[in-house]
Amino acid sequence: MNLRNILLTLSFLIIGFCLSLFFQTESSVETLNFEQYKNLQYNTERSHSLDEFNKKISPYRIESVIREVYERNKLAGDKTRVLEIGAGNGRVLMELKKIFKDVEFYGINKEKTHTFYRRESYILTGLKFAIFKQEETENIELPFIVFQDLDFGAEIPYGEAKFDIVFSQNTMEHVKYKFELFNSILRVLRPGGLSFHTDFKGVNIYSRGLVLDLRDAFAEIRKNGIEINTLEEKTSLRFRRGNQLSKFPLTPHQQIPENISNLSQEVRKPEMSYNLNL
């Protein structure tokens, strides 16, 4: 009898522990140990700053683009919303939040990590990189975060025309079905919305059997109604959604697998070839 009670008690304790792990992403800011940020070891490959991003999208600066949109939306009584795909530890979003307190920021990451696994993780990032002081984080509206793999034709989990600006840094080079993701971005952008992306690598574009230079390929794509161009950094690009929702007129050489749960590393390689379908 005593053994049965002991086993029952242990079962409840184990269940309670598992539930606490499951619901930790919904915990309040009060549960954070603010001292832990001092020992956080971020992946340096995912800790790019706002300044680094701006250098890659020159001659643009993302805060100047946001400010222009924000002032226009403010006059119209609209909310400004900005999404970063592959937000990493949220450093850029927190730097932008420091500048734009009334802008709604959103981030999407492929998966949770031991240093970034819930919305409140943005606070630790803000402290680690000295973007905010602890007292400044008490009333801040944190960026929203979603964890979802956006490759292989997955849709961005938001409705149409929600965002004014969508951007990514050092993310597109890891995505295999790049133009499928761009079409999803066009869907969630408002008419006139802008999108910036750095490190657009690992893609070949064919037309009539010839490989096109990226600039030449984009010139052909513009004929389909998509305003797209490369920037000073040749692997960085910018595109805009028009008043009508257009799609990139490209056909991938490899069809999207129906089941992506057990794909080999060879199939997951981000290199992809497309045919122009004008």
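## Two buried rings

Let's start with F200 and F218: both are buried. This is a predicted model, and here the ring centres of these two residues sit 6.4 Å apart with their planes at 50°, so the pair is tilted. F200 belongs to the loop between β5 and β6, while F218 is part of helix α7, so to speak a link between distant parts of the chain, 18 residues apart.

How exposed is Y60? Y60 is partly exposed, at 30% relative accessibility, whereas F196 is buried, at 0%.

A ring can have a charged neighbour too: R119 lies over the face of F144, 4.0 Å from the ring centre.

## The sheet and its helix

Now for the strands. Four of them make an open, mixed sheet, in the order β7-β6-β11-β10. At the edges are β7 and β10, each pairing on one side only. From one strand to the next, the twist averages 40°.

β6 and β7 run antiparallel and are joined by 3 bridges; in one of these strands, β7, V211 is the bridge partner of Y206. Helix α7, residues 214-222, lies across β6, β7, β10 and β11, and runs at about 90° to β7.

Note on methods: Residues numbered from 1 in each chain as written. Predicted model: local features only at pLDDT ≥ 70, side-chain atom pairs only at ≥ 80, totals over all residues. Heavy atoms only, no water. Pairing = 2+ DSSP bridges. Helix = DSSP H or I, 4+ residues; strand = E, 2+ residues; numbered from the N terminus. Axes fitted to C-alpha atoms, helices over the stretch in contact; angles between N-to-C directions. Contact = heavy atoms within 4.5 Å. Buried < 20%, exposed > 50% of the residue type's maximum accessible area, 1.4 Å probe, protein only. Phe/Tyr/Trp six-rings, centres within 6.5 Å; stacked < 30°, edge-to-face > 60°. Lys NZ or Arg CZ within 6 Å of the ring centre and 35° of its normal.
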